[in-house]
Amino acid sequence: MINGTGITKTFKQRGNVLGRREVPALRGVDFEIGKGGSASFIGESGCGKTTLGRIIAGLETYDSGEIEIDGTPMSPLKLKHRQPHFRKIQMIHQDPYSALNPTRTIYQTLQAPLALRAGQTGRSKGWIDERAAEVLSLVGLDPGTVLSRYPHQLSGGMRQRVVIARALTVDPEMLVADEAVSMIDVSLRLGILALLKDLRERLGVSVLFITHDVATARYIGGDGELYVIYRGQVVERGPVDTIIANPVHPYTQSLLSAIPVLHGLELPGEEPVVPLESLTENQSESGCLFAARCPFRGDGCTDERPLLRVTEGVPQEHACYYPQRRSVIARPMSEV
Amino acid sequence: MADQAPGVRIDGLTVVYKTPAGELPAVRGISLTLEPGTITGIVGESGSGKSTLALSLLNAVQPPGRIAAGSVEIDGLGDVVGFAGEQLRKARGAHIGYVFQAAQNSLNPLKTVGKQLLDLGRSHGVADLRGLVREARELLGRMGLDGARVLDSHQHELSGGMRQRVGIMLALVLNAHLVVLDEPTTALDMITQANILKIVREVHAERGLTTLVITHDIGVVAEVADRLAVMYGGRLVEQGPTREVLGSPRHPYTRGLIRAIPRLVGDIDEARALPGRPPTLVTVPKEGCVFRERCELRMDVCDTVDPSVVADGSRIVACHAVTVKEHAS
């Protein structure tokens, strides 16, 4: 339903007397998310995953490249004409505590976008009330008790459900969930993930999941595409389950190695990968972007940047000159 | 000043907060022992009382809260619940180091880290400030940072992971041997988190500390802690050696929490959400088991009788259903 080719974005920081500093946030990213499909972007903070998510939701502009929504290219269109297309894509933010207006009841929050649509399509007030109750039921809340409440009267998990319900008022074809569960209590997280999964299955809504936790991406859909993003470049791309089972890029391997091991239930992976240094602001721009931190860098890594491609014997796309499978993730003790 | 890891014995600790509905307990009748030289992890969701418990170690519960009952006995110090004023201020920092959440800005944005370090030294009457700076530089270097550069930086010049390490340095630089880390990795991404946890483990071993880690993330505890204590609704519901508790959790809440974590391998659909939601200060049941509303093993007795804390070797559980089952078998 949406695809992008060669998306770039550079942020200009206000610099000192010597001029501005340019920070490349995205360096020519291709992506494709089908109708009812799922995709996940993973990477460290600052890798560009949120920027890409915001571009996809129409909340941010891009410098070059092209985005097509249902076959219509966006860049020739004026802002006004783009909006109906981007309305199909709704964003769910990380923080359910600041995403809702505290002075409005849940009914008022849901009523505003619905009234707009009712006006456009000539529907009655009765339709608005009916639809408000309907979207709340869809997200597993009881309209009778929730509609008259204010956000502060709801728990974090319930608020996030209201945020999702609000996104559903415009009948979106896709939801962009940016770290949608990271601020929610652990015992309630899975409920929100299950809801997104359920909406995908029942309503055929595509889900784009932006996270640093690969396991949650797997829960939404193991068949979905996983994009591993590093400093604005996709370094590995393929079905979630394929990459988890056979990660070949050392950066993907470091991300997977960093997931805590539940000692007592699991044994650590045999070949954990730890980056040589931490991500800093002024890392080299030449050659492979990960080379400075890569424990396996070899000849040529710092000369020319490897591009995302398919090579023999590797089922997924990757951007590494020396792709090698390593067993980095924890194994359940029951299977050992 | 004690130069070795102190033991801590929390006994019958109750902390109440004054609300319009009267004084309500955030922490109720908790007993917990931190053995010298160990890392203990406390896991709990928001409102479970875990941060209130941690603050009690410094006797730093702020009004409208107060410690209503119980004692916190720290080796070499005594019962800090009775401390006040200057005695309390000296204990904090010199004996007990507290590392606040990285996301919350616990550093002063207007002063460099070095200036804040000197403030800390002066307020604790450190005579050798040069020595203090040297010690701080060494600690930062130990954690993989350029000490001189960091001391010259303001907080906005440091990343989340760097700030967290500065927090650890400030907690340790006065040679405290009891360290409390409150959500040490919240809001950090995976690689930084793994890095910080490794540092916590190493510094703990090298300096001979007794460490308490407070977190909502069972994975964090699994990585660092020797012992694990699970809090729910102001009560400690289960504790024991980390590997044993994770390998064979007994309390239904612990089991539910572990089952609610999506894993990288195995059948992903085995992950199950816990029904219901965590209680707040107001909604937590006044009598009976605090977890019963969400419990799959609920019995009649759970509604009226608070489950007593039953010890079985190194494992401690407070659950009627578990106690009944063990008597039967």
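Colleague: Are H6(B) and H7(B) roughly parallel or roughly antiparallel to each other?

Modeller: Start with the general idea: two packed helices are described by the angle between their axes and the distance between the axes. This is a predicted model, where local features need pLDDT of at least 70, side-chain atom pairs count only at pLDDT 80 or more, and totals for chains, interfaces and linings use all residues. Residues are numbered from 1 along each chain as its sequence is written, while chains are lettered from A and ligands numbered from 1 in the order in which they are written. Now, helix H6 (residues 160–172) of chain B and H7(B) pack at an angle of about 15°, with axes 10 Å apart. Axes are lines fitted to C-alpha atoms, for helices over the stretch in contact, and angles run from 0 to 180 degrees between N-to-C directions. Under 35 degrees counts as roughly parallel, over 145 as roughly antiparallel, 65 to 115 as roughly perpendicular and the rest as oblique. So H6(B) and H7(B) are roughly parallel to each other.

Colleague: What counts as a helix here?

Modeller: Helices (H or I, at least four residues) and strands (E, at least two) are DSSP runs, numbered from the N terminus.

Colleague: At what angle do H6(A) and H7(A) pack?

Modeller: Helix H6 (residues 156–168) of chain A and helix H7 (residues 186–203) of chain A pack at about 15°, with their axes 10 Å apart. That's why H6(A) and H7(A) are roughly parallel to each other too. Gly157(A), Gln160(A), Arg161(A) and Ile164(A) of H6(A) meet Leu188(A), Gly191(A), Ile192(A) and Leu195(A) of H7(A).

Colleague: How many residues of chain B are in contact with chain A?

Modeller: 36 residues of chain B are in contact with 36 residues of chain A. On the chain B side, H7(B) gives the largest share, six residues.

Colleague: How many helices and strands are there in chain A?

Modeller: Chain A has ten helices and 13 strands. Along its principal axes, the C-alpha trace of chain A spans about 70 × 55 × 40 Å.

Colleague: And what are the confidence scores?

Modeller: The model scores ipTM 0.86 and pTM 0.89. pLDDT is the predictor's confidence in each residue, from 0 to 100. For chain B the mean pLDDT is 90, and 97% of its residues reach 70 or more.

How values were computed. Two residues are in contact if their C-beta atoms, placed from the backbone, lie within 7 Å.
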